[in-house]
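This briefing accompanies the sequence and coordinates shown below.

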Amino acid sequence: MKNHDMRQQLVQMGNGAHALAIQMLGNADDATDAVQDVFVKVLKQPDAYDASSGPLTPWFLRVVRNHCIDLIRRRRPADADVAELSDPRLGPEGLLENTQFDQALQQALAKLSTLQREIIVLRDYMDLSYAEIAITLEIAPGTVMSRLHRARLALREELVSHG
């Protein structure tokens, strides 16, 4: 894959990678730094990606995820609130209408484990297939389905109990 083509695809994945990093690290600033670090690392070593091993998106998200795990291991997890995952393309009216639900969703997501948050973000926010999630998280596709089901139940329980 040419470096220019890879750069374009990585830029398109930027928001999704950032959302994943936010959910794992707990704040937008750390997430921005982490994704930027991974962009630089990947673009300096474009041959690290082997197209025969699968699509670029799950590979890149796995690199982002692993980098976030490394950062978490290096520091004590902060008790920061989950950063907002609102779509920046929504107009003021759309943001206003979604504010209460977004706040409830953020609070509920913050109460889930990191593993539960990341699988929900990968499937429901980034719309990855089960196969792509399995590649990203390095787990079996059947495990993706069961973990996602449990994570959604936990999220639902948090929303119902505080809604």
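Does glutamate 138 count as buried or exposed? At 55% relative accessibility, glutamate 138 counts as exposed, since the threshold for that class is over 50%. The model under discussion is a predicted one.

**Loop residues with positive phi**

- Glutamate 138 is located in the loop that joins α6 and α7.
- Its phi is positive, at about 55°, although glutamate 138 is not a glycine.
- In the loop between α5 and α6 lies aspartate 127, a residue other than glycine whose phi is also positive, near 60°.
- Aspartate 127 has a relative accessible area of 57% and is therefore exposed.

**Helix α2**

- The helix α2 comprises 17 residues. From its first C-alpha to its last it reaches 24 Å, close to the 24 Å expected at 1.5 Å a residue.
- At the start of α2, the backbone nitrogen of aspartate 29 has a side-chain oxygen of asparagine 27 within 3.1 Å.
- Seven names make up the buried set of α2: Ala31, Ala34, Val35, Val38, Phe39, Val42 and Leu43.
- As a general point, an α-helix has 3.6 residues a turn, so residues three or four places apart point the same way.
- Asp29 and Lys44 are exposed and sit on the face of α2 turned away from its buried side.
- Among the elements that cover the buried residues of α2 are α1 and α3.

**Largest nonpolar core**

- The largest nonpolar core contains 43 residues.
- Within this core, the residues with the most contacts are Leu10, Val42, Phe60, Val64, Ile119, Ile120 and Leu122.
- Two or more core residues are given by each of α1 (3-25), α2 (28-44), α3 (56-74), α4 (92-111), α5 (114-125), α6 (130-137) and α7 (141-161).
- The largest share of the core comes from α1, which gives ten residues.
- Val42 is named both among the core residues with the most contacts and among the buried residues of α2.

**Surroundings of isoleucine 120**

- Isoleucine 120, one of the core residues with the most contacts, touches Leu109, Leu112, Tyr125, Leu148, Ala151, Arg152 and Leu155.
- That list for isoleucine 120 does not count residues up to four places away in sequence.

Definitions and conventions. Residues numbered from 1 in each chain as written. Predicted model: local features only at pLDDT ≥ 70, side-chain atom pairs only at ≥ 80, totals over all residues. Heavy atoms only, no water. Core = buried A, V, L, I, M, F, W, Y, C linked by side-chain atoms within 4.5 Å. Buried < 20%, exposed > 50% of the residue type's maximum accessible area, 1.4 Å probe, protein only. Helix = DSSP H or I, 4+ residues; strand = E, 2+ residues; numbered from the N terminus. Contact = heavy atoms within 4.5 Å. Expected span 1.5 Å × (residues − 1). Polar contact = N/O pair within 3.5 Å; in protein donor to acceptor, adjacent residues only side chain to side chain.
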